[in-house]
Amino acid sequence: MTLRLSSAGESHGPALVAILTGLPAGLELDRTAVDADLKRRQEGYGRSPRQQIEQDRVEVLAGLRHGRTLGTPLALVVANVDHKNWTWGMSPWPPEGAPTGKGTKPVTLPRPGHADLPGVLKYGHDDVRNSLERASARHTAVHVAAGAVAKALLATIGIRVVGSTVDEEQLRVRIDEARSARDTVGGIVEVRATGVPPGLGTYASKDDRLDTRLAGALMGIQAVKGVEIGDGFLLASLLGSQAHDEIRTDRRRDTNHAGGIEAGISNGEEIIVRAAMKPLPTLMKPLASVDLATGEAANALVERSDVAAVEALAVVAECAVAWELAVLALDKFGGDLVDDFVVAHAAYVERIAWA
Ligand code: EPS
């Protein structure tokens, strides 16, 4: 069975939900490890006051018994604590009583760079909120919970995935400057995966290449505008003799320009990917826009937001990479029971004599 993930949830709705199907039975999950990743996502420098309202915790509704997966769909929930301030505005059913709290008036001032304009045009909404709520990066919380599960599975075969920001010190200076200027910034994150054996992904079809999957997974995260694998864009300016990683007799490499992927397959070296995040589009000094209710020129919506979410992206990207590696590892090694998965991995690395 292929490992699959579906999620649902609006930013200020009752909760975020993920359903994971295709997980083997017998995988031990540690609630504190999942919650620790949720916390890491929230702690980044430059986040909005929203992060003081939320204290993300995972709840499990199905698929787990006494801390072990059952081989049945795993249902994860991360509640939106802030929903209590939006019960009328974000009520799933027609709200009762007089409007109260937040989200009661339609948003008609689309922000350049957010989902607002293309979303309402596509879906025919007359309130921008109907688009922005799902497009919000809030829903990355439940994807981090799913990624924590993927990391637990990968750990059983010795794979470790870690995300970080590129040049954290400089990023924090830029965030401080942007905060004082009431502006926003983006940045770059890097994810590295160690212990990945050669052979995850395939050149046999382009959808199944490891680089296709990783690029898609990273591009699927809000605000990501660029993805790079290994030396990425730099490779375009090198000579072939400089760009490729020579093979030693033990089949390992001294360099890793390829970022651990050749022809869409892991080659046993560290997987290295980077993602570039654009500056967040909710600005305290708004850009020019149009009031969709009147057709007149107007400034874009101004509301509480983050100055930057790059440190959060490092965690979200780590979880997205872990998820894709778990999908491809399960494709390769299979197993209804996690022990079968571990045994199949061991037999494979023995066959290829991979230390
Ligand atoms: C977001 C806007 C902000 C962010 C949010 C993403 O939310 P709010 O409008 O409630 O202040 O804080 O991210 C999160 C809530 C989160 O948990 O990451 C947006 O418009 O994308």
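Student: Are Arg138 and Glu54 buried or exposed?
Tutor: In this predicted model, Arg138 and Glu54 are both buried.

Student: What do their side chains do, Arg138 and Glu54?
Tutor: They meet in a salt bridge, with N to O at 3.5 Å. The pair links distant parts of the chain, 84 residues apart. Arg138 sits in the loop between α4 (129-135) and α5 (140-155), while Glu54 is in the loop between α2 (50-53) and β4 (58-62).

Student: Which residues are linked with them in a network of salt bridges?
Tutor: Arg41, Arg50, Asp56, Asp82 and Arg304 are linked with Glu54 and Arg138 in that network.

Student: And how many salt bridges are there in the whole structure?
Tutor: A search finds 29. One of them joins Arg253 and Glu262 at 2.7 Å, N to O.

Student: Switching to the ligand: which residues come nearest?
Tutor: Of the 13 residues around the ligand, His12, Arg41, Arg47, Arg50 and Arg304 come nearest. A polar side-chain atom of His12 is 2.6 Å from a ligand oxygen, and one of Arg304 is 2.7 Å from a ligand oxygen.

Student: How much of the ligand does the protein bury?
Tutor: The protein buries 92% of the 470 Å² that the ligand exposes when taken alone.

Student: What classes of residue make up the shell around the ligand?
Tutor: Seven are charged, five polar and one nonpolar.

Note on methods
Residues are numbered from 1 along each chain as its sequence is written. This is a predicted model: local features need pLDDT of at least 70, side-chain atom pairs count only at pLDDT 80 or more; totals for chains, interfaces and linings use all residues. Side-chain values use heavy atoms; hydrogens and water are left out. A residue is near a molecule or strand if one of its heavy atoms lies within 4 Å of it. A polar contact is a pair of N or O atoms within 3.5 Å; within protein, one must be able to donate a hydrogen and the other to accept it, and residues adjacent in sequence count only if both atoms are side-chain atoms. Accessible areas come from the Shrake-Rupley method with a 1.4 Å probe; for residues, only the protein chains shown count as cover. Ala, Val, Leu, Ile, Met, Phe, Trp, Tyr, Cys and Pro count as nonpolar, Asp, Glu, Lys and Arg as charged, and the others, Gly among them, as polar. A salt bridge is a side-chain nitrogen of Lys or Arg within 4 Å of a carboxyl oxygen of Asp or Glu. Helices (H or I, at least four residues) and strands (E, at least two) are DSSP runs, numbered from the N terminus. Buried means under 20% relative accessible area, exposed over 50%, partly exposed in between (1.4 Å probe, protein chains only).
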